[in-house]
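Okay, thanks for coming, everyone. Let me put the thing on the screen, and then I'll talk you through a sheet and an interface.

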Amino acid sequence: MTEPALSLRGLTKSFDKKVVDALDLEIAAGELYALLGPNGAGKTTTLRMVTGLTRPDAGAIHIFGIDALAEPQAAKALTAWLPDEPMLYDKLSPAEYLAFVAGLWRIPPAEAAPEAERLLKWLELWDQRDQRCEGFSRGMKQKVALAGALIHRPRLLVLDEPLTGLDATMARAVKDALRAAVDAGATVVITTHILEVAEHMADRIGIIAGGRLLAEGTLAELRERAGSDDMTLEDVFIRLTSPLSATA
Amino acid sequence: MNALIRRAAPGRFPWLVRHELRVALRPRARGRSTVVAAIVLALYFGLGLLTAYALRGVALTPSAALLTAVLAATIVITSFMTTQAVLASQRTLFDGGDLDLLLSAPIPPRTVVLAKLTAIAASIVLTFAALVLPIVLPTALLGHSGLFGVPALLVAMALVAACLGLAITLVVVRIAGPRAARTVGQIVAALLAGAIFLVSQIISQHPGARRSGGVTLYEWFSAHHVGTDGIGALPGRAALGDPLAILTLLGGALALFALAGYALDRGFLRSYQTGGVRLSPRAGRASSRAITRHFRAGLFATMFAKEWRLLARDPALAFQIVLRLIYLAPFVVVSLGHDGGAPVAPTLAFISVVGAGQVVGSLAWIAISGEDAPDLLAVAPIDRRQAERAKLASALAMAAPIALLLPAAIAVFTPLGAMVTLVFTAFGGAMAGLIELKWQKPMKRSAFLRRRSGSLLTGALTFLVTGLAGLMAGAIVWLLA
């Protein structure tokens, strides 16, 4: 049996109140998994714990079998993180930024430079490769950050609201890049408020609320759970997360 | 007054001023720093009480000496206030997040400009009131009631400085263009801050003039009978409570303030609108050189390339670091500039060590605390301490060429002393970097100028450690010379 790409067991985190509550989740390798939930459901906190940015209070995180809490560097070497606010340096150009990220992941220059060239051309940033990011639109910045996330060929790509604020063309480019990453064997975990994206792209969908996993499965399985075969994901989402339906 | 402002109709000038003052004067952070600031202020106020007690029997009459001294102090303080106003105007124009909102609202731009000017003047008054009033107010309360004119003088000076600061900023934007305005503006601000020092040094070339800054200015004014009567005497008379002088200065400042609002509103609007150009990508074709030139093997090389590029492309920030060295110049000049001054080589050794501390401390802060993408480093498969060591090494490497300058000069006097200085300079730099590393406090890189308000400890400790190391280096060089 192959190792799951991501395995969470009893993951718990509290700030002023409990944000993630004994969350269990398993995502198979090569899947595109969409994590949905209302605002404050604990999605971002969960992903930040996966990427090592937030320390959990309890629980276990395994990335391709590696204990991410005990061996964070080994786990990080396989993972890429793309938040909604791109982690960029305004005064670096896309080419310089990719060189920096490749250096952090210790990718040999002979390997990283051709990959950077491929990504910049693919994401239509090649002509802007020597311009500083400070004047870029939000969409262009997000594409540079995506190239940074892909340059070290991660096996697990974790994205938090990557399509926020992007126009249709840019959003399409990002979606194509994610699909291509999955086709190449990577695992993608994505949070989004754009349910249409999850509906059309995700292999499996998890719905989280109050730090707990309410439901999980393919769209068909979620529809079945919500009690109707012809519901849109939006209807399913509202049905499963609405307080009225929970008490009904 | 407050009740009047509260009742002011929304969108009108008093209402907007109230909003601006609330935003400008709201404390940035609460907690330990606030407690420390309150304790320091209380101690300072205690010093004011002692001063007031000591002065209770002394008559403060508008003598020629006192009037001249107040004029000199007014000029010095106004130059600092104008520097602060230039920097605040830049922040308002280029960093202020609310100008889009204010200028898109149905409010005349002139009202917005005047409200912003009021906020700038208020923040300046607050800064200087904290420095001056704890001494002045107890003295005024204990028998020298005329000194209640000092707050009025401060307000008049701040209003004038705010107008000058905004006017200078707009002229800089006009001449240098929006792209370079920020950098040129900071250079102008620094020159303004150092203007009195520079003027005093020019005056110091005259026989008998050995002191610097405000004292030299006072001596020059006294020698030339400036400030004893007429307009020059107004600040002194106002500070001592002369109602006519207070009215004249405050009235003049308010008239200038109104005139500035009338004259500068269009320039302000144009500067703000063209400021958007600063953010647009520079036109230009991509380099034909291979992309491989950017890629480096090893963490240090990667980190150094990034830190060096970020600093080299932010001339305003780089200039702030150079300023640390310029601010050390008075020590050198005062130490060496007259008969019987300190010996050259040991003084240079001291300056070298303290200067290295300032430069490395600043560079280390930029690299470590001022990291713009901390999450990127946190998710990278590198040990945090390893990354920080690479950043510290980058800071040391960037400072190395500057650190070689004074030891090279000392080598003319004593080659062995130069070696000793080099060792202590490296030690001072390393210690300053380690202090920044140990007590790092993540902030925005753009907050470089305000970093000390975030951590008084690192600043004081750096001065203490590098000062002691500098004294040791100076003593050894003195023995060797």
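**The hairpin, the sheet and the interface**

Let's start with a pair: Ile208(A) sits opposite Leu213(A), which belongs to strand 10 of chain A. Before I go on, the housekeeping: this is a predicted model, where local features need pLDDT of at least 70, side-chain atom pairs count only at pLDDT 80 or more, and totals for chains, interfaces and linings use all residues. Residues are numbered from 1 along each chain as its sequence is written, chains are lettered from A and ligands numbered from 1 in the order in which they are written, and side-chain values use heavy atoms, with hydrogens and water left out.

Strand 9 (residues 204-209) of chain A runs antiparallel to strand 10 of chain A, over five bridges. Strands here are DSSP E runs of at least two residues, helices are H or I runs of at least four, and both are numbered from the N terminus; two strands pair if DSSP finds at least two bridges between them. Two residues lie between the strands of this hairpin, and Gly210(A) has a positive phi near 60 degrees.

Now zoom out. In chain A, six strands make an open, mixed sheet, ordered 6-7-8-3-9-10. Strand 6 (79-82) and strand 10 (212-217) of chain A are the edges with a single partner strand each, so one side of each has no neighbour in the sheet. Further in, strand 3 (residues 32-36) and strand 8 (residues 187-191) of chain A pair parallel, over four bridges. There, Tyr33(A) has Val189(A) in strand 8 of chain A as its bridge partner.

Okay, the interface. How many residues of chain B are in contact with chain A? It's 35, against 40 residues of chain A, with contact meaning heavy atoms within 4.5 Å. The two chains bury about 3,400 Å² between them, 66% of it on carbon and sulfur atoms; that's accessible area (1.4 Å probe) lost on putting the two parts together, summed over both. Phe295(B), Arg313(B) and Pro381(B) supply 22% of the area chain B buries against chain A, more than any other three residues.

On charges, we count four salt bridges between chain B and chain A, meaning a side-chain nitrogen of Lys or Arg within 4 Å of a carboxyl oxygen of Asp or Glu. One salt bridge joins the side chains of Arg48(A) and Asp375(B), at 3.2 Å, N to O. As for elements, helix 11 (299-312) and helix 15 (374-379) of chain B are the ones giving two or more residues to the side touching chain A. Helix 11 of chain B gives the largest share, six residues.
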